Amino acid sequence: MKIENILLSILTLVLFFIALGWLISPEISANSIDMTLLDGKGRNTQIRDFTALFLGTSIMCFLSFITRQYQWVLSAGIIFSIMIVVSFISSYYHNSIISYQSLVAEIVFATMAGSSAILLKFKR
């Protein structure tokens, strides 16, 4: 099995199960990253946004795996790269606390997605 297939498979499944966790048990998902599950409209937004983020990037990785088009997984990598940058911006400008657990995961996801995209692009 090619390296890009392994990376894409792992990334697709991990992101899918994270999304599923936000749908099935949002409180456990929030607690796992030291986050409080909000109330009311905040809870709806929190569950909706996290589920959409992880399910959407999982679908992008899956589409890349199926179609062999690097653009899909590259798009997922861009999203995780933006998350990394915004984490530092929000920490600096808004005095937010960086979740290093989440930051490491985002770096791993962005690296896996970027590596997969490069391998797909140049192995045609």
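Colleague: If helices (H or I, at least four residues) and strands (E, at least two) are DSSP runs numbered from the N terminus, which helix holds Thr12?

Modeller: Thr12 is found in helix H1. Before we go on, this is a predicted model, where local features need pLDDT of at least 70 and side-chain atom pairs count only at pLDDT 80 or more, while totals for chains, interfaces and linings use all residues. Residues are numbered from 1 along each chain as its sequence is written, and side-chain values use heavy atoms, with hydrogens and water left out.

Colleague: Good to know. Is Thr12 buried or exposed?

Modeller: Thr12 has a relative accessible area of 11%, so it is buried; buried means under 20%, exposed over 50% and partly exposed in between, with a 1.4 Å probe and protein chains only.

Colleague: And what does Thr12 touch, leaving aside neighbours within four places in sequence?

Modeller: Thr12 is in contact with Ser58, Cys61 and Phe62, contact being heavy atoms within 4.5 Å.

Colleague: Which residues are buried in H3?

Modeller: Among them are Ser58 and Cys61, along with Gln46, Ile47, Thr51, Phe54, Thr57, Met60 and Ser64. Their cover includes H1 (3–24), H2 (26–32), H4 and H5.

Colleague: How far apart are the end C-alpha atoms of H3?

Modeller: They are 40 Å apart, and the 28 residues of H3 (residues 40–67) should span 40 Å at 1.5 Å a residue, so the two agree. The expected span is 1.5 Å times one less than the number of residues. Just after H3, Arg68 takes a positive phi of about 65°.

Colleague: Switching topic: at what angle do H4 and H5 cross?

Modeller: The axes of H4 (residues 70–94) and H5 (residues 100–122) cross at roughly 150° and come within 8 Å. Axes are lines fitted to C-alpha atoms, for helices over the stretch in contact, with angles from 0 to 180 degrees between N-to-C directions. That makes the pair roughly antiparallel, the word for angles over 145 degrees.

Colleague: Which residues meet there?

Modeller: From H4 they include Tyr70, Leu74, Phe80 and Phe88, and from H5 they include Leu103, Phe109, Ala113 and Leu120. The contact divides into 15 nonpolar, 4 polar and 2 charged residues. Here Ala, Val, Leu, Ile, Met, Phe, Trp, Tyr, Cys and Pro count as nonpolar, Asp, Glu, Lys and Arg as charged, and the others, Gly among them, as polar.

Colleague: What covers the buried residues of H5?

Modeller: The cover includes H1, H3 and H4. Leu103, Phe109, Ala113 and Leu120 are among those buried residues.

Methods
Angles under 35 degrees count as roughly parallel, over 145 as roughly antiparallel, 65 to 115 as roughly perpendicular and the rest as oblique.
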